[in-house]
Amino acid sequence: TQMLLLSVLFVLIPLVLSTDQLVFVQTLFRHGDRTPTGTYPTDPYQEDFWGVPWGELTTTGMKQEFLQGQRLKRLYVDKEQFVSAKYSRYETTIRSCDAPRCIESASAQMAGFYSGSPTHPNDLPDWPSNWTPMPIHTVPHNEDRELEAGTDCKRSDALTVERVLKPSFLDFIASNWKIIADIIMHSGGGVEADFDTLQHIWGAIGIEKGVYNLTLPDWITDELYDGLGAAIEEGTDYVDGGAGFNYPEDTELLRLRSGFLLKEWINNLNSAMSGNGLKYHAYSAHDSTITGLLLTLGAKENVIGKANPGYASTVTCELWKRDDGFYVKFMYSDDAYSEFAAITRFITGCPEYDDFCPISSFLDRSQKYIPQSANECNAA
Ligand SMILES: *[C@@H]1O[C@H](CO)[C@@H](O)[C@H](O)[C@H]1NC(C)=O
């Protein structure tokens, strides 16, 4: 019985004494549902059709962000009792890309996250219920290396060109010749036979049909539509620097497109470990920002395959203090309707069977993705 007692104690003591403590959370989310950012000349659905400008957040998108904000509130305010229900700038920082849809998304998501905050007037009948205005920080688009992947970076542009000119990628473009020929013949634009053209057309029709179920012109057959969607899925991660078409990942390209964000997140982790007191840092950006981050973590394929991150999809990075040191835990939610699931084990260099990654392992594995300075963008 002594042995039994002893083993019971050994099982119980860690449970009782466990001092796992959440120290800091940073999140990266994609904006919500939006209109296309533009379209081809003969498209029957031009800007006027949508009722809001090109690329703008729709009311559906606002709703998605609000719901995602509420899900994060349940996690970090209600369940973990980590962030206070009452908004404070000493606890929370919000940063967004300078694109209207991203700023609007940040605003909608934080309205959900702080829907329990008492920091708003109650004596104005038209004041939106439970809404606290919050500062959303941003930097100009062409200076935002953290959130606009590859912006104003000559070296990453050059590497992308190099990548799309590799023989097996050119073969892939050529294998889509029928789609490209139909686009050139019918879309009314002076378009090139390249991946940009495919992305441009898909950027419009993928939303028109895939999200809004609009009737497309006759030349866009189901075959063309499905073939184009498949081609985009097949090529995008590769063009962004991921492995594909018999080439390994381009670590330098990933570093220049997404390493500035990774660097910022690691700086945030270091500040949090030295006790700066900030608890929650939210970042509002694009699908390409999330794709870039997941590629840089080596986790993209295992988390969402080749798919594009959905509207309001969110990555969280938690910093935990455990008995033997600091750990990071990453989670991902596909969209406004999906729960968060741990993805830490998919990060290269992190333990394969654990939701927690020792900070030293995380820093080591991240090293090659961290740019020394913005000067790397000017390299020849
Ligand atoms: C999409 O539109 C078609 C034709 O306009 C209609 O038959 C179909 O039910 C719609 N699908 C959905 C999911 O709304």
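Which residues is L28 in contact with, leaving aside its neighbours within four places in sequence? In this predicted model, L28 is in contact with L147, L261, W265, Y283, A285, T289, I290, L293, S313, T314 and V315, apart from those sequence neighbours. L28 is also among the residues with the most contacts inside the largest nonpolar core.

**Nonpolar cores**
- The largest nonpolar core has 40 residues, and those with the most contacts inside it are L28, L319, V328, F330 and F362.
- At least two residues of this core come from each of β1 (21-30), α10 (251-273), β4, α11 (287-296), α12 (300-304), β5 (314-322), β6 (325-333) and α13 (359-366).
- Helix α10 gives the most to this core, with seven residues.
- A second, separate core has 27 residues, including I183, F195, L228 and I232.
- In soluble globular proteins, nonpolar side chains tend to be buried together.

**A285 in strand β4**
- A285 lies in strand β4, which spans residues 280-285.
- A285 counts as buried because its relative accessibility is 0%, and the cut-off for buried is under 20%.
- Not counting residues up to four places away in sequence, A285 touches L28, F29, R30, H31, C97, C102 and L147.
- From A285 to D48 the separation is 237 residues in sequence and 25 Å in space, C-alpha to C-alpha.

**Surface patch**
- V161, L165 and L170 form a nonpolar patch on the surface, and their accessible area together is about 270 Å².
- V161 belongs to helix α5, residues 154-164.
- With 48% relative accessibility, V161 counts as partly exposed.

Definitions and conventions
Residues numbered from 1 in each chain as written. Predicted model: local features only at pLDDT ≥ 70, side-chain atom pairs only at ≥ 80, totals over all residues. Heavy atoms only, no water. Patch = residues over 30% accessible without salt bridge, like charges linked within 9 Å, V, L, I, M, F, W, Y side chains within 5 Å. Areas by Shrake-Rupley, 256 points an atom, 1.4 Å probe, with all protein chains shown as cover. Salt bridge = Lys/Arg side-chain N within 4 Å of Asp/Glu carboxyl O. Helix = DSSP H or I, 4+ residues; strand = E, 2+ residues; numbered from the N terminus. Buried < 20%, exposed > 50% of the residue type's maximum accessible area, 1.4 Å probe, protein only. Contact = heavy atoms within 4.5 Å. Core = buried A, V, L, I, M, F, W, Y, C linked by side-chain atoms within 4.5 Å.
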